[in-house]
Amino acid sequence: MNRETYPPSLAFAKTTDAKPAHARRPIGFYVHHQGRGHATHAQLLIQHLARPTWVFTSRPDYFDEGCPATVVELPMDVAADEECYPQHLSPAGEHLHYAPLQIAGIRERMATLTQWIVEQRPALMFIDVSVEVATLCRLMGVPTVVVRLQGWRDDPAHLAAFASARAIYCPFPQEFEWSRLPGDLEQKCYYEGCYDRLGALENRDGTADGHDARAVGDAPASDDISDIDVTGEASAPTESIRRVLVLVGSGGTRFAERQLTELARAFPAIQIDVLGPVRGYGQPSDNLAFLGQRDYVLPYLQRADLVIGGAGNNVVMEVGACRKRFICLPEERAFGEQNAKAKGIEALGLGLRLKHWPAAGEWPKVLAKAAALQPQAWAQYFHDPSLARAAACLERLAAESEEVCKPADQKPVPSFL
């Protein structure tokens with residue numbers, strides 16, 4: 001990975017086309033900084049691209065050193081303490097999502113993108129995610145591929161970005177779809193399916209890249225939870241669930257140490273491992289381990305009988321690649337993204353969707369229902385696990401933008417699919 005501060009100055013310089021006519025122009029990636037899922041997904045695509053690739057993000061630390069791209073750090077787009085402007089004096093309107101006034105970071109990040117487009121003349125911009133950046137790139141004459149996350153994204157701002165895009169990229173299986181776009185926009189959608197960022201499908205024994213699953217240690221000797229019958233005497237937890245892994249994403253969570261401690265105390269025969277940041281770290285018990293942040297989580301996933309987590313992209317794809325039973329507690333995200341994803345998972349029988357953390361007396365029936373899941377059903381949604389096919393589509397779209405034709409040669413734009 002190359003890291004650059006771009007540009008050295010914001011002064012615009014006249015550029016000449018010094019590149020040979022056959023040189024392939026780059027693909028640019030704008031990658032949002034909330035959570036690691038955006039960066040993970042971008043890296044999987046980039047590793048299959050033959051063209052020069054640039055990444056623009058406010059979290060370059062989310063990208064591996066081996067990422068074959070030039071990574072440019074963008075200033076954050078939030079207001080400093082001294083930056084304040086009464087927003088009601090100039091509302092952004094319904095066609096923009098985030099456009100606060102008089103924020104230096106926004107001016108600088110847009111200027112960086114603008115000058116790079118002028119100098120590099122990218123063949124394609126992959127936008128994950130920002131309506132404002134997608135609009136800027138399209139106004140500069142760059143074809144865009146706009147990522148459409150799950151959730152209810154039929155507001156005017158999303159629809160405008162989708163309408164001007166060359167393609168709408170959906171980083172999930174079509175079967176997970178919960179909300180639809182108007183028919184003409186639906187024709188632009190490309191559904192990539194599930195992906196395997198950990199190489200779980202090739203590393204069934206829990207070892208890879210020098211990591212040993214033995215380091216994990218040995219385990220000791222519907223719509224809402226209201227859909228699960230928790231009345232009457234609680235039944236004992238099923239013998240098929242002896243190790244539980246709680247995955248906490250970097251985008252934030254509502255899981256708390258107190259809840260996990262109560263669960264561990266209720267089931268002393270079940271080992272509970274917790275990966276990721278959790279509010280209020282407490283004293284671990286014999287069957288409860290707070291393991292913190294781990295860059296390599298595959299061994300922990302493979303040893304688990306059940307995974308509990310939110311509905312962030314990384315968590316969902318990791319659970320699916322490892323073919324694990326899943327209890328999903330979606331976090332509150334913009335446009336209901338995680339709620340929509342959890343509904344799709346539930347509808348396909350891939351996991352339980354709960355609206356809140358169960359009370360101690362409810363857990364036996366919850367675990368019994370989780371034990372009945374058939375995690376091998378995940379396999380049918382991993383038709384492009386490395387995203388090689390999806391990357392080839394991006395290459396094809398980039399090549400299209402370099403074609404030279406006369407006005408008389410113009411033809412109707414084909415569907416992305």
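Biologist: Is R166 buried or exposed?

Modeller: R166 is buried, with a relative accessible area of 18%. Buried means under 20% relative accessible area, exposed is over 50%, and partly exposed is in between (1.4 Å probe, protein chains only). Before we go on, this is a predicted model: local features need pLDDT of at least 70, side-chain atom pairs count only at pLDDT 80 or more, and totals for chains, interfaces and linings use all residues. Residues are numbered from 1 along each chain as its sequence is written, and side-chain values use heavy atoms, with hydrogens and water left out.

Biologist: Ok. Which residue forms a salt bridge with R166?

Modeller: That's E400, with the closest N and O atoms 3.0 Å apart. A salt bridge here is a side-chain nitrogen of Lys or Arg within 4 Å of a carboxyl oxygen of Asp or Glu. E400 is partly exposed, at a relative accessible area of 28%.

Biologist: How many salt bridges are there by this rule?

Modeller: The count comes to 12. Among them is R148 with E177, 3.0 Å from N to O. R148 sits in the loop between β6 and α4 (156-164) and E177 in the loop between β7 and α5 (183-186), so the pair ties together parts that are 29 residues apart in sequence. Both R148 and E177 are buried.

Biologist: And D61, what does that form a salt bridge with?

Modeller: With R59, and the closest N and O atoms there are 2.6 Å apart. D61 is partly exposed at 41% relative accessible area, and R59 also counts as partly exposed, at 29%. There is a network too: salt bridges link R51, E395 and E402.

Biologist: Switching to the sheet. In what order do the eight strands come?

Modeller: The order is β1-β4-β3-β2-β5-β6-β7-β8, in an open sheet with parallel pairing. Strands here are DSSP runs of E with at least two residues, helices are runs of H or I with at least four, and both are numbered from the N terminus. Two strands pair if DSSP finds at least two bridges between them.

Biologist: Which strands stand at the edges?

Modeller: β1 (2-4) and β8 (189-191), each with a single partner strand, so one side of each has no neighbour in the sheet. On average, neighbouring strands of this sheet are turned by 20 degrees against each other, direction ignored.

Biologist: What packs on the sheet?

Modeller: Helix α11 does, touching β2 (27-31), β5, β6, β7 (167-170) and β8. Its direction makes about 135 degrees with that of β5. Axes are lines fitted to C-alpha atoms, for helices over the stretch in contact, and angles run from 0 to 180 degrees between N-to-C directions. A contact means heavy atoms within 4.5 Å.

Biologist: And the nonpolar core, how many residues are in the largest one?

Modeller: It has 90, and F29, L45, F63, F176 and W378 have the most contacts inside it. The largest share, six residues, comes from helix α11 (residues 388-401). A core is a set of buried Ala, Val, Leu, Ile, Met, Phe, Trp, Tyr and Cys residues joined through side-chain atoms within 4.5 Å. A second, separate core of 28 residues includes F255, F267, I272 and L367.

Biologist: What does F176 touch?

Modeller: Leaving out residues up to four places away in sequence, its contacts include Q150, C194, V316, A340, L348, W378 and Y381.

Biologist: How many aromatic pairs does a search of the whole structure find?

Modeller: Nine. F176 and W378 are one of them, edge-to-face at 6.2 Å centre to centre with 70 degrees between the planes. Rings of Phe, Tyr and Trp (its six-membered ring) pair if their centres lie within 6.5 Å; planes under 30 degrees apart count as stacked, over 60 as edge-to-face and the rest as tilted. Both F176 and W378 are buried. F29, F126, Y169 and Y190 form one aromatic cluster.

Biologist: Last topic, helix α9: why is α9 largely enclosed by the rest of the structure?

Modeller: Because eight of the 11 residues of α9 (residues 337-347) are buried. Those buried residues pack against α8 (313-321), β13 (325-328) and β14 (352-353). After α9 comes G349, whose phi is positive, near 75 degrees.
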